[in-house]
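Me: I'd like to learn how to read helices and sheets in a model. Can you walk me through one?

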Amino acid sequence: MRIRLLALPLMLVLGAPACRPAATAVDLSPSQWPAGEYDQFIRAQGVDRTSAGAASGSNGAVTVAYNGLAARAGLEALKQGGNAIDAAMTAAVTQVALTAGAPISYFGIMSLVYYEASSGKVYTMNAEWNTVRGETSPGTIPGSLNMSSLEGLRGTAASGRTALVGGFMKGVGAAHDRFGRLPFAHLFEPAIEIAEGGMPVTSHLADKFEFRHEDLSRLPETRALFIKDDGSDYVTGDTFTQPALAETLRAVALQGTDYMYKGPWAKKLVAAIAADGGKMTEADLASYDVIWDEPLVAKVGDYEIYTNRPPNAGGPSLIEAQLLAEAAGLAGDAAPSQSAATLRKLLDISMVGLLPPATIAQLFPDLDPSADARLTPSRAAALWKRIEAGGLPMRWKSPSSPGHSDDVVAIDSDGNIAAITQSINCVDWGRTAINIDGISIGDPASFQQAAIAALPPGSRLPAPTETGILLKDGTAVLGFASMGSGLHIRTLQALLGVIGFGMTVEEAVNAPDLLMPTVDSAGQWVARVPEGRFEKSVLDAIGYAYQEIPASRMRFGGEGLWVGISRDPVTGLLRAASHNRNNSAAVAW
């Protein structure tokens with residue numbers, strides 16, 4: 001049995017400009033696509049890739065790390081006159097339906113980076129978790145999570161207190177209101193048709209049903225949706241329908257996001273959470289809003305990176321890692337797959353992003369810990385000297401020592417870019433498995449008690465998403481996003497491939513990738529890599545202990561996923577690359 005742990009699924013979209021069509025001329029439903037295309041993409045849902053999906057075009061392109069059908073839905077939005085925001089939001093909404101709300105949810109989180117070509121301005125939107133205002137003792141929130149076993153992945157407690165206030169759907173509405181072109185209701189058409197008409201159960205989804213059988217059986221509404229009448233699980237090849245979800249999406253499409261945050265759905269959610277001991281109120285939902293802010297910006301090599309600023313936690317880490325790579329001179333070295341010295345430096349740099357910023361501040365009080373300071377080459381150079389000198393508390397183990405989610409980025413030929421990350425931030429529906437009219441409610445508070453306790457009740461919780469846009473000579477040339485438990489180290493490596501080694505997006509995805517390291521019983525770090533991807537001679541020469549993880553255990557092995565679409569500023573050619581594993585896809589026209 002394989003469990004697909006999706007913390008941050010990922011997709012990237014680029015599209016061509018078009019005039020706004022009349023509402024009656026638009027229908028994004030798969031039944032209206034050219035003959036055979038829906039069947040082609042639905043069959044591909046059950047097929048895992050062994051190399052990156054790749055596509056090129058001049059009018060538009062979409063790429064996803066999971067569920068290629070969602071990419072095709074986003075492309076349809078472009079073909080029918082939508083822009084990058086329309087395509088990205090359509091794909092993101094479709095992807096949740098395709099996953100049955102297990103790794104991503106309409107009540108999950110979203111972050112966005114958007115480049116507006118006409119003004120040359122970059123905007124960021126934070127629609128991530130809010131903590132619950134009535135939760136004044138977060139240290140006592142039940143639950144824990146660990147990745148050492150299946151039982152540990154399931155979590156340890158079912159409680160309404162583990163729910164947080166998610167902003168995904170609020171983000172869809174806010175992004176569309178500000179930048180979208182198609183009428184809002186059309187963005188939901190592919191998801192509604194898939195939910196209502198049903199979809200074949202893939203082996204990935206069947207694994208999730210089996211994994212969560214006990215939890216999905218706990219509550220009547222959840223059981224009615226996910227468990228067959230005879231008490232058995234849906235298995236590979238069955239048709240899975242979500243009629244309640246279709247009705248909910250229709251209501252949101254027609255009434256707007258207030259249906260969820262201030263309307264009937266909000267009342268049902270609060271009642272269900274209270275029945276499980278939770279403290280969320282209708283006021284928590286009604287007061288939720290997205291945060292629009294200026295981006296974090298840093299120059300690395302010939303590029304400028306634009307990404308999210310705090311309270312998002314991933315943006316500063318993303319830029320800091322690239323500046324450390326520059327300070328370490330990695331761009332002048334051989335590629336990590338060819339050089340043990342480069343690979344060792346890369347592992348050392350990744351360690352910084354895996355430690356809490358507060359820990360770095362305590363270790364080096366003379367280094368300014370602010371997000372703006374972390375964007376400076378001088379601080380990166382000083383920090384790299386400390387790393388080289390062994391100043392970090394964690395140690396890589398010597399070889400001789402004993403021994404879910406989704407991102408969206410969009411760029412159109414006008415130069416507009418929209419980069420999005422979404423997640424349920426828990427393992428496959430979560431232990432509590434509350435479901436309200438087809439929408440899954442995760443348990444992200446079950447393993448973030450300390451982070452919640454560090455904030456005033458009702459605050460925005462930092463998320464580690466790393467999504468961004470590259471500009472060169474003032475022109476947008478790349479949109480990218482990442483997901484998975486190893487997202488930081490994968491983003492560090494893939495973005496370095498583009499910036500430092502001149503790789504195409506396809507080459508950056510297909511390059512041998514590092515996984516999130518593990519920690520042994522003595523507190524030493526052990527590097528992890530996909531089995532068979534690096535030459536043994538290179539791995540043996542880094543001087544650190546390492547593990548090779550087979551494809552069947554990649555989710556447990558700390559996989560990170562990164563996708564991107566580049567745009568040639570002279571020719572306008574778009575090159576899209578999807579993930580090189582799982583049922584990803586890249587499409588273009």
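Me: Which strands does helix 19 lie across?

Reply: Keep in mind that this is a predicted model. Helix 19 (residues 487-499) lies across strand 9, strand 10, strand 16, strand 17 and strand 21. Against strand 17, helix 19 runs at about 155°.

Me: And what is the order of the strands in the open sheet?

Reply: The general idea: strands in a sheet pair through backbone hydrogen bonds, either parallel or antiparallel. Here, seven strands line up as 2-22-21-17-16-10-9, with antiparallel pairing. Strand 2 (54-57) and strand 9 (296-300) are the edges; each has a single partner strand, so one side of each has no neighbour in the sheet. From one strand to the next, the twist averages 20°.

Me: How many bridges join strand 17 and strand 21?

Reply: Six bridges, in the antiparallel sense. For one of them, look at Gly 479: its bridge partner in strand 21 is Ile 565.

Me: Now the helices. At what angle do helix 15 and helix 17 pack?

Reply: In general, you describe two packed helices by the angle between their axes and the distance between the axes. Helix 15 (residues 340-354) and helix 17 (residues 377-388) pack at about 115°, with axes 11 Å apart. Angles of 65 to 115 degrees count as roughly perpendicular, so that's the word for helix 15 and helix 17.

Me: Which residues of helix 15 and helix 17 meet?

Reply: Lys 345, Asp 348, Ile 349 and Val 352 from helix 15 meet Leu 383, Trp 384 and Ile 387 from helix 17. Sorted by class, that contact has five nonpolar, two charged and no polar residues.

How values were computed. Residues are numbered from 1 along each chain as its sequence is written. This is a predicted model: local features need pLDDT of at least 70, side-chain atom pairs count only at pLDDT 80 or more; totals for chains, interfaces and linings use all residues. Side-chain values use heavy atoms; hydrogens and water are left out. Axes are lines fitted to C-alpha atoms, for helices over the stretch in contact, and angles run from 0 to 180 degrees between N-to-C directions. Helices (H or I, at least four residues) and strands (E, at least two) are DSSP runs, numbered from the N terminus. Angles under 35 degrees count as roughly parallel, over 145 as roughly antiparallel, 65 to 115 as roughly perpendicular and the rest as oblique. Contact means heavy atoms within 4.5 Å. Ala, Val, Leu, Ile, Met, Phe, Trp, Tyr, Cys and Pro count as nonpolar, Asp, Glu, Lys and Arg as charged, and the others, Gly among them, as polar. Two strands pair if DSSP finds at least two bridges between them.
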